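Thanks for coming. I'll take one structure today and go through two parts of it. Please have a look at it first.

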Amino acid sequence: MHIHILGICGTFMGGIAALAREAGHKVTGCDANVYPPMSTQLESLGIELIEGFGAEQIALKPDLFVIGNVVKRGMPLMEAILNAGLPYTSGPQWLGEHLLRDKWVLAVAGTHGKTTTTSMLAWILEDAGLAPGFLVGGIPENFGVSARAPGTPRQDAASTSPFFVIEADEYDTAFFDKRSKFVHYRPRTVILNNLEFDHADIFADLSAIETQFHHLVRTVPGQGRVIVNGKEDSLQRVLERGCWSEVEHFAGSGGWTLGAVYPDGFDVIFNGEPQGRLVWSLMGEHNAHNALAAIAAARHVGVTPQVAIEALSRFENVKRRMEIKGVVNGITVYDDFAHHPTAIATTVAGLRAKVGTQRILAILEPRSNTMKLGTMKEALPGSLADADRVFCYGANLGWDTAEALAPLGTKAQSCTELDTLIAAIVAEAQPGDQILVMSNGGFGGIHGKLLAALA
């Protein structure tokens with residue numbers, strides 16, 4: 001088939017593009033905003049990218065248009081597709097019907113940690129020789145790509161791996177399908193990592209998101225397994241609505257828990273029994289809990305905890321997850337995807353645990369739809385309290401970042417011009433500082449500009 005993907009440069013739709021290309025389809029696509037790492041990945045695959053959503057693209061005459069959730073009614077190309085009665089579907093539906101239908105799907109859902117945990121799980125299965133397919137909302141360093149079709153298992157040269165690991169997003173599917181993406185995946189193994197309010201642009205309250213999570217639970221077979229964070233009351237409420245599968249807990253008082261914690265890792269405990277010690281370089285308790293969930297999910301497909309622990313000792317994290325972009329004059333610049341107050345707090349806490357008393361300069365771009373609405377602005381000062389200085393980029397928002405960050409006093413500064421922001425950071429930075437840049441977008445290429453200015 002020739003498929004033309006609308007909104008191809010998002011990590012999810014770009015992953016679908018890579019999978020479709022690998023499956024032998026001709027793939028083209030369009031988007032309005034193109035920036036690495038996805039644009040780089042698509043170009044390396046030889047996928048033609050078209051800027052914008054112009055109606056003239058129907059002249060490509062693909063067999064099918066695959067529509068991303070960035071697409072809205074009124075966009076010229078979408079209107080042309082509808083007016084001409086051309087075939088179209090959503091990305092998640094195409095994925096479910098064409099690639100996941102006959103696979104043992106391992107899905108990772110949650111407000112936070114989906115990308116990292118999905119990457120951990122895919123790497124465990126890969127390291128164990130199971131050659132899984134995967135689709136991740138980022139680029140795991142162990143693989144170098146965000147998506148891959150199942151390969152040939154190490155133990156069997158005659159077959160393709162039955163396993164597919166996928167990041168299961170609760171955001172809506174498309175303008176014509178307002179269910180969460182993950183209802184299309186039909187997993188046999190599912191991780192429910194955590195659940196709190198987010199996506200204020202599409203969900204009225206936490207209960208509405210819990211309903212979508214229960215839709216996911218309903219799709220897991222009786223012989224499947226739900227691996228759930230035992231510390232989350234919201235997830236307990238989801239299960240109380242009905243669960244027909246095996247359940248294992250992690251991070252709570254039973255099931256999979258942390259034993260002794262060390263500067264370079266922790267002991268893994270299952271039902272009170274030690275399973276081994278994980279030695280690695282990742283930061284923060286949240287990543288330790290992500291690891292427990294991944295180890296538990298891998299066990300469901302036959303990977304022993306000991307093998308999983310050994311695999312995670314070689315896990316290299318994901319691009320844009322505490323990724324060091326450079327060191328100049330003793331100043332380290334990090335890039336992180338954190339954009340929800342909880343994720344911001346855990347990211348800052350993880351860096352603090354690593355660097356001790358060294359100064360942390362937190363740079364924030366509140367650009368998610370929820371943040372743009374100002375729904376969680378009151379939680380921002382608390383999430384940034386452990387940073388020594390805070391710089392916030394307040395352009396294109398419907399609320400005043402300086403006012404929201406006023407509880408932080410003089411250690412917070414807001415700017416609406418990127419060049420002004422960079423100049424303020426450079427004026428403040430000194431050798432030994434840790435500059436933590438947090439955004440779920442390209443942030444105007446601030447990382448490279450900062451490193452150049454610091455030099």
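Which residues of helix 3 (residues 76-84) are buried? They are Leu77, Met78, Glu79, Ala80 and Ile81.

Before I go on, some conventions. This is a predicted model, in which local features need pLDDT of at least 70 and side-chain atom pairs count only at pLDDT 80 or more, while totals for chains, interfaces and linings use all residues. Residues are numbered from 1 along each chain as its sequence is written, and side-chain values use heavy atoms, with hydrogens and water left out. Buried means under 20% relative accessible area, exposed over 50%, and partly exposed in between, with a 1.4 Å probe and protein chains only. Helices (H or I, at least four residues) and strands (E, at least two) are DSSP runs, numbered from the N terminus.

Back to helix 3. Its buried residues pack against strand 1 (2-6), strand 2 (26-31), strand 4 (64-67) and strand 5 (88-90); contact here means heavy atoms within 4.5 Å. Just after helix 3, Gly85 has a positive phi of about 65 degrees.

Now the second part. An unreviewed UniProt entry puts a "binding site" feature at Gly110, Thr111, His112, Gly113, Lys114, Thr115 and Thr116. UniProt positions are in the numbering used here, feature names are shortened, and annotations may be inferred rather than shown by experiment.

Gly110 sits in the loop between strand 6 (104-109) and helix 5 (114-127). Gly110 is buried, at 0% relative accessible area. Leaving aside neighbours within four places in sequence, Gly110 contacts Ala168, Glu170, Asn193, Asn194 and Phe213.

His112 lies in the loop between strand 6 and helix 5. Why does His112 count as buried? Because its relative accessible area is 14%.
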